Amino acid sequence: MNNFDHCSGEYLNIDGAKIYYEISGAKDKPVLLVLHGGHGNIEDFNSVLPDIEKEYKIIGIDSRGQGKSTIGTEELTYERIQKDIEHVLEHHKIDNLDIIGFSDGGTVAYRLAALTSLKVKKLITIGSKWNIKNTYPLKESFLRITGESWKIKFPKMFDAYQRLSPEPDFDLLTNNLVKLWLDSGLSGYPNEQVKNITCQLLIVRGDDDHLFALKDVAELSGLVKGSKVLNIPYAGHVAFEDQKEIFLISLNEFLKK
C-alpha cells in the first residue's frame with residue numbers, strides 16, 4: 001500500500017475551493033476513507049497505512065484549508081467539510097465504505113455516518129469529540145489559540161502547512177479552526193444525532209488525551225448500539241502514533257469482523 005505523497009493526487013473544485021485528494025491501494029477492493037485532524041493533512045496517516053492488513057482502496061482527502069486544499073470563501077464548519085467529502089465520493093461513484101477519522105476528521109465521520117445516505121459499514125474514530133458540550137472545559141484555552149501560538153507549540157505542523165498550502169495564510173486557517181471547534185449550531189457537532197449511527201463503531205482514545213474526556217467516550221458508546229471502546233494506556237491525543245502497535249492490533253481485528 002502506497003503512502004500519501006501530495007504528488008500523485010487530484011483536485012476537485014467544490015463551492016469556491018480546490019479540494020485535494022489521493023487514492024491508493026487496490027482499485028477493485030473495498031473503500032477506506034481516512035480523514036485527518038485540525039491543522040493536519042493526509043500524510044498524518046502514513047505511519048499506520050502500510051500495516052493495515054485488509055486490502056483496501058484508500059482515499060485520503062485534505063480538509064478545506066489544510067494540506068493542499070484551499071480554504072475558499074465559505075465559513076469553515078464540520079458540515080462544510082462533510083459536504084466536500086460527499087462531493088469527492090460522489091465524483092468517484094462511491095457510497096459504500098469504511099472510515100478512519102482522527103480528531104476533527106472523526107467528528108466529520110460521525111456526521112457522515114449519522115446524517116447522510118452513505119453506506120458506512122465500519123467507522124473508527126480517534127480522539128474525536130461528538131458533542132459541543134465536550135468542548136466546554138476547553139473553551140477558554142481554545143479562545144487563546146492564535147496562528148503564532150500554534151506555530152510555536154507545533155512547529156512541524158506549521159512547516160508542513162507552509163510546504164503544502166497553495167494559498168498559505170496560517171492565521172486565517174487557525175482563526176477558522178477555533179470557530180469550528182466552538183460551533184454550537186447545526187453545522188457543527190452531530191450531538192445526540194449520533195443515535196442515528198447504525199454501522200459498527202470503534203471509539204479510540206488515548207488514556208492521557210486532555211482534549212477528549214473518558215466520560216464523553218462512555219456517553220457516546222451508550223448512544224451508539226453495539227459500539228466498541230479502545231482506551232489506550234500511555235497514549236495522548238494522537239493515540240494511533242503514541243501506541244501504534246496496540247492501535248493496529250485492535251484496528252485490524254475490528255476490520256476483520
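Two strands are taken to pair if DSSP finds at least two bridges between them. Helices (H or I, at least four residues) and strands (E, at least two) are DSSP runs, numbered from the N terminus. The structure is a predicted model, in which local features need pLDDT of at least 70 and side-chain atom pairs count only at pLDDT 80 or more, while totals for chains, interfaces and linings use all residues. Residues are numbered from 1 along each chain as its sequence is written, and side-chain values use heavy atoms, with hydrogens and water left out.

Strand S4 (residues 57-61) shows both senses of pairing with its partners. With strand S2 (residues 17-25), S4 runs antiparallel and is joined by five bridges. In this pairing Tyr 21 stands opposite Ile 61, and Ile 23 stands opposite Ile 59. With strand S3 (residues 31-35), S4 pairs in the parallel sense, again over five bridges, and Val 34 stands opposite Gly 60. Lys 57, Ile 59 and Ile 61 point one way from S4, whereas Ile 58 and Gly 60 point the other way. Five of the five residues of S4 are buried, so this strand is largely enclosed by the rest of the structure. Buried means under 20% relative accessible area, exposed over 50%, and partly exposed in between (1.4 Å probe, protein chains only).

The loop between H7 and S8 holds Val 224, which is buried, with a relative accessible area of 1%. Val 224 touches Val 194, Ile 197 and Leu 201, not counting residues up to four places away in sequence; contact means heavy atoms within 4.5 Å. Val 224 and Val 194 are 30 residues apart in sequence, yet 6.8 Å apart in space, C-alpha to C-alpha.

Attention now turns to helix H1 (residues 78-91). Its 14 residues reach 20 Å from the first C-alpha to the last, close to the 20 Å expected at 1.5 Å a residue, where the expected span is 1.5 Å times one less than the number of residues. The axes of H1 and helix H2 (residues 104-115) come within 9 Å and cross at roughly 70°. That makes H1 roughly perpendicular to H2, on a scale where angles under 35 degrees count as roughly parallel, over 145 as roughly antiparallel, 65 to 115 as roughly perpendicular and the rest as oblique. From H1, Tyr 78, Glu 79, Ile 81, Gln 82, Ile 85 and Glu 86 meet Asp 104, Thr 107, Val 108, Arg 111 and Leu 112 of H2. The residues of this contact divide into five nonpolar, two polar and four charged; Ala, Val, Leu, Ile, Met, Phe, Trp, Tyr, Cys and Pro count as nonpolar, Asp, Glu, Lys and Arg as charged, and the others, Gly among them, as polar. Gln 82 of H1 is buried, with a relative accessible area of 6%. Leaving aside neighbours within four places in sequence, Gln 82 is in contact with Val 108, Arg 111, Leu 112 and Thr 116.

Helix H6 (residues 170-181) has 12 residues and reaches 16 Å, close to the 16 Å expected. Its buried residues include Phe 170, Leu 173 and Trp 181, and what covers the buried residues of H6 includes H1 and H2.

Finally, some backbone angles deserve a mention. Most residues other than glycine have a negative phi. His 39, in the loop between S3 and S4, has a positive phi of about 65° and is buried, with a relative accessible area of 6%. Asn 191, in the loop between H6 and S7, has a positive phi of about 55° and is buried at 17%. Just after H1, Lys 93 takes a positive phi of about 55°.

Notes: Axes fitted to C-alpha atoms, helices over the stretch in contact; angles between N-to-C directions.
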